[in-house]
Amino acid sequence: MSAYTALSQAGYRAYARDRTTLFFTFAFPLIFLVVFGLIFHGQTVEESGKPYINYIAPGVLSWGVANAAVFGVGFVLMQWRRDDILRLIRMTPTPVSAVLASRYVLALGIGAVQAALFVAVALLPSFGLRLDGRWPLALPVLVLGITAFLALGVIVGSYTKTPEAVAAVANCLMIPMAFLSGSFFPLDAMPGWMQTLSRILPLRYLNDGVSGALTGGGSLAGIGVACAVLAGFALVLGAVALKTFRWSDKS
């Protein structure tokens with residue numbers, strides 16, 4: 001059995017046994033969907049004339065998937081380094097790529113289940129999401145988004161030394177980004193300067209790409225741009241993550 005397979009299986013078992021984390025990873029975005037979906041049910045955005053659910057469902061889904069990627073790998077790397085698990089792994093022929101790849105495949109699996117569950121609930125009559133025919137294009141957008149945010153989580157996990165620090169740094173990054181990127185509120189209804197600022201944030205492009213694929217908002221070129229920008233973020237953040245990765249707090 002390869003180191004990658006062993007680490008992947010161990011990560012899956014650890015995640016499946018942690019029922020509390022498992023429950024809230026999937027329930028947290030759904031709670032936002034239920035709250036916002038019921039509040040804005042049947043309403044449209046004045047600036048665009050589109051239903052609120054067309055903004056809320058893709059936005060909250062994107063935020064939930066990104067959030068799970070950042071927090072998941074951030075907490076694990078910090079705990080493994082603090083408990084000297086990474087140092088022990090380093091004493092074996094296991095490369096850092098196997099460690100990160102095992103977390104990556106787990107993040108992709110979690111993201112896939114999150115997306116399927118979330119869309120299934122959003123399609124209920126109470127919320128009224130209607131899928132566009134090009135919804136399969138959401139898959140590459142989500143994969144690129146998870147890749148970029150997983151790299152961000154590796155950076156967070158490499159610099160923090162306690163669970164409280166991981167939560168503080170990750171929340172400081174993800175919550176303002178969610179509001180500035182239009183995950184909870186349509187960007188069309190925001191001031192111009194805020195719409196401009198959102199263009200430097202990866203979550204903006206994850207929102208745009210998922211929204212374009214699921215609801216048909218925007219063009220195919222727009223989805224392509226979102227994928228290209230997310231790929232760029234993934235490359236840059238991935239390079240920084242590899243550069244800053246630490247096997248031990250002493251290194």
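This is a predicted model: local features need pLDDT of at least 70, side-chain atom pairs count only at pLDDT 80 or more; totals for chains, interfaces and linings use all residues.
Local features are reported where pLDDT is at least 70 and side-chain atom pairs count only at pLDDT 80 or more, whereas totals for chains, interfaces and linings use all residues. Residues are numbered from 1 along each chain as its sequence is written, and side-chain values use heavy atoms, with hydrogens and water left out.

Helices here are DSSP runs (H or I, at least four residues), numbered from the N terminus. Helix α1 comprises residues 3-17, and its 15 residues reach 21 Å from the first C-alpha to the last, close to the 21 Å expected; the expected span is 1.5 Å times one less than the number of residues. Within α1, L7, S8, G11 and Y15 are buried, where buried denotes under 20% relative accessible area, exposed over 50% and partly exposed in between, with a 1.4 Å probe and protein chains only. These residues lie on the same side of α1 because they cover an arc of only 100° around its axis, the arc being that of the directions from the helix axis to the C-beta atoms. An α-helix has 3.6 residues a turn, so residues three or four places apart point the same way. The cover over the buried residues of α1 includes α2 (19-39), α3 (53-82), α4 (85-90) and α5 (96-122).

A98, found in helix α5, is buried at a relative accessible area of 8%. Leaving aside neighbours within four places in sequence, A98 is in contact (heavy atoms within 4.5 Å) with Y4 and L7. L106 is also found in α5 and, at 13% relative accessibility, counts as buried. With the neighbours within four places again left aside, L106 is in contact with G11, Y12 and Y15. The C-alpha atoms of L106 and S8 are separated by 7.0 Å, although these residues are 98 apart along the chain. For A98 and I110, which are 12 residues apart along the chain, the C-alpha separation is 18 Å.

Helix α3 has 30 residues, which should span 44 Å at 1.5 Å a residue; its end C-alpha atoms are 42 Å apart, in agreement with that value. This helix is mostly covered, with 25 of its 30 residues buried. N54 is found in α3 and counts as buried at 16% relative accessibility. Apart from neighbours within four places in sequence, N54 is in contact with L129, S211 and T215.

The axes of α3 and α6 (residues 138-159) come within 7 Å and cross at roughly 35°. Axes are lines fitted to C-alpha atoms, for helices over the stretch in contact, and angles run from 0 to 180 degrees between N-to-C directions. The crossing is right-handed, meaning that the near helix is turned clockwise from the far one by less than a right angle. Residues making this contact include V65, A69, V73 and L77 of α3 and L142, I146, F149 and G153 of α6. The residues of the contact divide into 13 nonpolar, 4 polar and 1 charged; Ala, Val, Leu, Ile, Met, Phe, Trp, Tyr, Cys and Pro count as nonpolar, Asp, Glu, Lys and Arg as charged, and the others, Gly among them, as polar.

After α3 comes D84, which lies in the loop between α3 and α4. Most residues other than glycine have a negative phi. D84 has a positive phi of about 65° although it is not a glycine, and is partly exposed, with a relative accessible area of 29%.

Terms used
Helices (H or I, at least four residues) and strands (E, at least two) are DSSP runs, numbered from the N terminus.
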